[in-house]
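Me: I'd like to learn how to read a strand and a cavity. Can we go through them together?

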Amino acid sequence: MQLPVYLDYAATTPVDPLVAEAMARCLTLEGQFGNPASRSHLYGWQAEELVENARRDVAELINCDPREIVWTSGATEADNLAIKGVAGFHANKGRHIISSRVEHKAVLDSCHYLEQKGFEVTYLKPEADGSIDPARVEEAIRGDTILVSLMHVNNETGSINDLAAIGAITRAHNVLFHVDAAQGAGKVPIDLMQLPVDLMSLSAHKVYGPKGVGALFVRRDPRVELAAQIHGGGHERGMRSGTLPTHQLVGMGQAFRLARAQMPDELLRLRDLRQQLLTGLDGVPGWQLHGQADNGVPGIVNLGFAGVDGESLLLALRQIAVSSGSACMSATLEPSYVLKAMGVEEDMAQSALRVSFGRFSTPQDIDTALDCLVRTLAQLRQPARAHA
Ligand SMILES: *Cc1c(COP(=O)(O)O)cnc(C)c1O
């Protein structure tokens, strides 16, 4: 059986073979399996060295100090630590948080949790292109605002927020700025020596690293203080306890190092693939691009199709593995809350399709997708004639 072409890189990416190799060397007796916290023997020292090398590789991709990297189990945990950690530490200063309606569930659910604990959250509405207007952030800031949490790149639409402009506003108002960069790191340049960002969540598996590992950047100057969310052993300067998983961290380090080396070439290649996909849809009537036409990340393309049932479309596209723009809620296909917040019309949101590609995608993959898509759309729109 022919496997469907994988075009769901925004959900997760395959691990790069170089990353898998490096990880495999950290597991068995012959390898660096030691506990990085073991201080009394070579096994521990060697594991610790690998962990610190990985920390440097992660820091280099986003241009920060390695001491500002706190390892976590992924971006979900990093989001939880940033948001609940700031809220826990700064509750005396204020209890108002600003986020947006298009954030990942890891951010939204952390905010909802805090609302139950007596915090107030303002969820900003995005512009039609999915980005947050920095002016909306400034309007929402109050005397008791302690945190602004906004994503770098949206996982459904690829829309990019202007971190420099938003950070300038939060700095001016002495409010902390957390950024979920799970979809940004490794795809577009990030320079934390320049960007006024205080906390940044990272994930390995969106950038050809393993699932189950990530990090939170916590700025040292000006120093950001957090309440720990996981206690026991005092690892990671007390901010996140737990034995460090050497193989996972080595995988993330290697993945981030590769991303840094390949980013310029990869950006150009992905731009070409995006162009190929959009040009291929030229003759197809009634479709719409959800997101930023020219300024988003090239590897995420969110499309809506007029007059087509989203569920039937996804079911018919068996040769390609893509994501519906919708979150599957029980039996009914609920339109995506991200597209809804952007003001996308109900039927367009309902038929949305997220095509996302990356390092191992080829022009042939895009051709297969186009072929499949054009044929399926024609069938769904004219069922009688298609079967004649
Ligand atoms: C994938 C993703 C997350 C969650 O990351 P995990 O490492 O899977 O926990 C958070 N935010 C965004 C924007 C993502 O795309």
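Me: Which residues of β10 are buried on one side and which on the other?

Reply: In a regular strand, side chains alternate between the two faces of the sheet. Here Ile300, Asn302 and Gly304 are buried on one side of β10, and Val301, Leu303 and Phe305 on the other. Buried means under 20% relative accessible area (exposed is over 50%, partly exposed in between; 1.4 Å probe, protein chains only). Strands are DSSP runs of E, at least two residues, and helices runs of H or I, at least four, numbered from the N terminus. This is a predicted model: local features need pLDDT of at least 70, side-chain atom pairs count only at pLDDT 80 or more, and totals for chains, interfaces and linings use all residues. Residues are numbered from 1 along each chain as its sequence is written, and side-chain values use heavy atoms, leaving out hydrogens and water.

Me: Why is β10 largely enclosed?

Reply: Six of its six residues (300-305) are buried, so the rest of the structure largely encloses β10.

Me: Which residue stands opposite Asn302?

Reply: Strands pair if DSSP finds at least two bridges between them. β10 runs antiparallel to β15 (residues 353-356), with four bridges, and Asn302 faces Arg354 there. Four bridges also join β10 to β9 (residues 287-290), again antiparallel, with Trp287 opposite Phe305.

Me: Why does the largest cavity lie between domain 1 and domain 2?

Reply: Rolling a water-sized probe over the atoms shows where empty space is left. Domain 1 (5-11 + 263-381) and domain 2 (17-258) both give residues to the lining of the largest cavity, so it lies between them; the bounds come from an automatic or database domain assignment. On a 1 Å grid over the protein atoms alone, a cavity is a set of points where a 1.4 Å probe fits but cannot get out, and lining residues have an atom within 4 Å of a point. Helix α7 (residues 246-280) gives the most to this lining, four residues.
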